[in-house]
Amino acid sequence: MKKILCTLLLLFCGGLVTFGQSGDYSLPATECMGVEGDGSQTLRVWGIGRNKVDALEQAKKNAVEEVIFKGIRNGSKECNTKPLIYEVNAEEKYQYYFNVFFKDGGDYKQYVSMEDRRPMTSKKENTETQVKCCVTVRVLRAELQQRLIEDKIIKP
(Lines give C-alpha, C1' and ligand atoms only; values in the text may rest on other atoms or scores of the structure.)
Protein backbone atom coordinates (compact mmCIF):
# COMPACT_ATOMS: atom_id res chain seq x y z
CA MET A 1 0.00 0.00 0.00
CA LYS A 2 2.87 2.37 0.85
CA LYS A 3 4.49 1.66 -2.52
CA ILE A 4 1.28 2.52 -4.34
CA LEU A 5 0.87 5.78 -2.40
CA CYS A 6 4.51 6.73 -2.98
CA THR A 7 4.19 5.95 -6.68
CA LEU A 8 1.00 8.01 -6.98
CA LEU A 9 2.60 10.89 -5.10
CA LEU A 10 5.64 10.84 -7.39
CA LEU A 11 3.45 10.72 -10.50
CA PHE A 12 1.33 13.60 -9.19
CA CYS A 13 4.38 15.76 -8.37
CA GLY A 14 5.97 14.93 -11.72
CA GLY A 15 2.72 15.87 -13.46
CA LEU A 16 2.65 19.24 -11.68
CA VAL A 17 6.22 20.01 -12.73
CA THR A 18 5.54 19.02 -16.35
CA PHE A 19 2.23 20.89 -16.45
CA GLY A 20 3.79 24.04 -15.04
CA GLN A 21 6.53 24.07 -17.68
CA SER A 22 4.45 23.20 -20.72
CA GLY A 23 2.49 26.46 -20.72
CA ASP A 24 5.49 28.74 -20.15
CA TYR A 25 5.85 30.85 -23.29
CA SER A 26 7.23 33.96 -21.64
CA LEU A 27 10.59 35.18 -22.90
CA PRO A 28 13.52 36.24 -20.75
CA ALA A 29 14.39 39.93 -20.93
CA THR A 30 16.66 41.24 -23.66
CA GLU A 31 20.18 41.86 -22.33
CA CYS A 32 22.76 44.42 -23.37
CA MET A 33 26.11 42.81 -24.14
CA GLY A 34 27.87 46.07 -25.09
CA VAL A 35 27.98 49.13 -27.34
CA GLU A 36 30.20 49.55 -30.37
CA GLY A 37 32.03 52.74 -31.35
CA ASP A 38 29.41 53.53 -34.01
CA GLY A 39 26.61 53.51 -31.41
CA SER A 40 25.25 50.09 -32.35
CA GLN A 41 24.12 47.91 -29.48
CA THR A 42 25.03 44.24 -29.09
CA LEU A 43 22.07 42.42 -27.53
CA ARG A 44 21.19 38.91 -26.42
CA VAL A 45 17.55 38.43 -27.37
CA TRP A 46 14.98 35.61 -27.50
CA GLY A 47 12.38 34.68 -30.10
CA ILE A 48 9.64 32.07 -30.46
CA GLY A 49 8.61 30.41 -33.72
CA ARG A 50 7.39 27.23 -35.39
CA ASN A 51 10.98 26.25 -36.15
CA LYS A 52 14.48 27.58 -35.54
CA VAL A 53 14.45 29.88 -38.59
CA ASP A 54 11.16 31.50 -37.52
CA ALA A 55 12.38 31.86 -33.93
CA LEU A 56 15.62 33.57 -35.05
CA GLU A 57 13.69 36.01 -37.27
CA GLN A 58 11.34 36.78 -34.39
CA ALA A 59 14.34 37.40 -32.13
CA LYS A 60 15.68 39.96 -34.63
CA LYS A 61 12.28 41.70 -34.74
CA ASN A 62 12.15 41.69 -30.93
CA ALA A 63 15.60 43.31 -30.73
CA VAL A 64 14.68 46.17 -33.08
CA GLU A 65 11.28 46.60 -31.42
CA GLU A 66 12.83 46.90 -27.96
CA VAL A 67 15.35 49.51 -29.13
CA ILE A 68 12.54 51.54 -30.73
CA PHE A 69 9.82 51.30 -28.07
CA LYS A 70 11.28 50.15 -24.74
CA GLY A 71 15.03 50.74 -24.49
CA ILE A 72 17.39 48.12 -23.11
CA ARG A 73 17.45 47.94 -19.32
CA ASN A 74 19.11 44.59 -18.55
CA GLY A 75 22.71 43.51 -18.83
CA SER A 76 25.60 45.91 -19.34
CA LYS A 77 24.84 49.52 -18.42
CA GLU A 78 26.52 50.73 -21.65
CA CYS A 79 23.34 50.34 -23.71
CA ASN A 80 21.01 53.25 -24.08
CA THR A 81 18.11 52.61 -21.74
CA LYS A 82 15.99 55.22 -23.51
CA PRO A 83 13.81 54.11 -26.41
CA LEU A 84 14.02 55.88 -29.76
CA ILE A 85 10.33 56.79 -29.52
CA TYR A 86 9.13 58.36 -26.27
CA GLU A 87 5.60 59.00 -27.45
CA VAL A 88 2.88 57.15 -25.54
CA ASN A 89 1.01 54.58 -27.68
CA ALA A 90 3.36 55.19 -30.63
CA GLU A 91 2.95 51.58 -31.80
CA GLU A 92 -0.77 52.10 -32.21
CA LYS A 93 -0.48 55.64 -33.60
CA TYR A 94 2.00 54.59 -36.32
CA GLN A 95 0.58 51.11 -36.76
CA TYR A 96 0.36 51.46 -40.55
CA TYR A 97 4.11 52.22 -40.67
CA PHE A 98 5.31 49.54 -38.25
CA ASN A 99 3.12 46.78 -39.72
CA VAL A 100 4.99 47.20 -43.00
CA PHE A 101 8.36 47.79 -41.28
CA PHE A 102 8.15 44.57 -39.20
CA LYS A 103 6.50 42.28 -41.80
CA ASP A 104 8.38 39.11 -42.72
CA GLY A 105 11.32 40.21 -44.83
CA GLY A 106 10.59 43.84 -43.92
CA ASP A 107 12.93 46.80 -43.55
CA TYR A 108 13.74 45.95 -39.92
CA LYS A 109 16.34 43.51 -41.31
CA GLN A 110 18.49 46.42 -42.53
CA TYR A 111 19.10 47.43 -38.90
CA VAL A 112 20.06 44.03 -37.44
CA SER A 113 23.45 42.44 -37.94
CA MET A 114 24.60 38.96 -36.98
CA GLU A 115 28.28 40.07 -36.88
CA ASP A 116 28.57 39.51 -33.13
CA ARG A 117 27.38 35.93 -33.29
CA ARG A 118 29.87 33.67 -31.56
CA PRO A 119 30.00 29.91 -31.07
CA MET A 120 28.17 28.66 -27.98
CA THR A 121 26.23 31.94 -27.49
CA SER A 122 22.96 30.73 -28.99
CA LYS A 123 20.44 28.67 -27.08
CA LYS A 124 17.46 26.67 -28.28
CA GLU A 125 14.56 25.17 -26.36
CA ASN A 126 11.84 23.03 -27.93
CA THR A 127 8.27 22.58 -26.77
CA GLU A 128 5.72 20.35 -28.47
CA THR A 129 4.62 23.06 -30.90
CA GLN A 130 7.23 25.83 -30.77
CA VAL A 131 10.94 26.56 -30.69
CA LYS A 132 12.42 29.20 -28.38
CA CYS A 133 15.83 30.58 -29.46
CA CYS A 134 18.34 32.96 -27.93
CA VAL A 135 20.81 34.74 -30.19
CA THR A 136 23.31 37.59 -30.01
CA VAL A 137 22.64 40.38 -32.53
CA ARG A 138 23.81 43.92 -33.16
CA VAL A 139 21.14 46.62 -33.65
CA LEU A 140 22.32 49.59 -35.70
CA ARG A 141 20.72 52.20 -33.44
CA ALA A 142 22.07 55.35 -35.14
CA GLU A 143 20.94 54.21 -38.61
CA LEU A 144 17.56 53.16 -37.22
CA GLN A 145 17.11 56.54 -35.56
CA GLN A 146 18.03 58.32 -38.81
CA ARG A 147 15.45 56.24 -40.70
CA LEU A 148 12.71 57.14 -38.22
CA ILE A 149 13.64 60.83 -38.53
CA GLU A 150 13.57 60.69 -42.34
CA ASP A 151 10.19 58.93 -42.26
CA LYS A 152 8.88 61.63 -39.87
CA ILE A 153 8.09 59.18 -37.07
CA ILE A 154 10.37 61.03 -34.64
CA LYS A 155 11.77 64.55 -34.63
CA PRO A 156 15.51 65.28 -34.83
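## Loop residues, cysteines and aromatic pairs in a predicted model

Asn-89 is found in the loop between β3 and α3. The structure discussed here is a predicted model. Asn-89 has a positive phi of about 60°, although it is not a glycine. Most residues other than glycine have a negative phi. With a relative accessibility of 54%, Asn-89 counts as exposed. Tyr-86 is placed in the loop between β3 (74-75) and α3 (90-93). Tyr-86 counts as exposed as well, because its relative accessibility is 59%.

Lys-152 is located in the segment after α5 (141-150). Its relative accessibility of 68% places Lys-152 among the exposed residues.

**Confidence.** The mean pLDDT of the protein is 82, and 76% of its residues reach 70 or more. Over residues 1-23, however, the pLDDT is below 50, and this stretch has zero contacts in the model beyond near neighbours in sequence.

**Cysteines.** How many disulfides does a search of the whole structure find? The search finds one. It joins Cys-32 to Cys-79, with an S to S distance of 2.1 Å. The pair links distant parts of the chain: Cys-32 is in strand β1 (residues 31-35), Cys-79 is in the loop between β3 and α3, and the two are 47 residues apart. The link of Cys-32 and Cys-79 is right-handed, with 80° about the S-S bond. A disulfide is a covalent bond between the sulfur atoms of two cysteines.

| Residue | Relative accessibility | Class |
|---|---|---|
| Cys-32 | 3% | buried |
| Cys-79 | 5% | buried |
| Cys-133 | 1% | buried |
| Cys-134 | 1% | buried |

**Aromatic pairs.** A search of the whole structure finds eight aromatic pairs. One of them is formed by Phe-69 and Phe-98, whose ring centres are 5.0 Å apart and whose planes stand at 70°, so the pair is edge-to-face. Phe-69 lies in helix α2 (residues 52-69) and Phe-98 in helix α4 (residues 95-101), so the pair ties together parts that are 29 residues apart in sequence. Both Phe-69 and Phe-98 are buried.

Phe-98 also pairs with Phe-101: the ring centres are 6.2 Å apart and the planes are at 85°, so this pair is edge-to-face. Phe-98 and Phe-101 are separated by about one helical turn, because they are three residues apart in helix α4. Both of these residues, Phe-98 and Phe-101, are buried.

Which residues form one aromatic cluster? The cluster consists of Phe-69, Tyr-97, Phe-98, Phe-101, Phe-102, Tyr-108 and Tyr-111.

Terms used
Residues are numbered from 1 along each chain as its sequence is written. This is a predicted model: local features need pLDDT of at least 70, side-chain atom pairs count only at pLDDT 80 or more; totals for chains, interfaces and linings use all residues. Side-chain values use heavy atoms; hydrogens and water are left out. Helices (H or I, at least four residues) and strands (E, at least two) are DSSP runs, numbered from the N terminus. Buried means under 20% relative accessible area, exposed over 50%, partly exposed in between (1.4 Å probe, protein chains only). A disulfide is a pair of cysteine sulfur atoms within 2.5 Å. pLDDT is the predictor's confidence in each residue, from 0 to 100. Contact means heavy atoms within 4.5 Å. Rings of Phe, Tyr and Trp (its six-membered ring) pair if their centres lie within 6.5 Å; planes under 30 degrees apart count as stacked, over 60 as edge-to-face and the rest as tilted.
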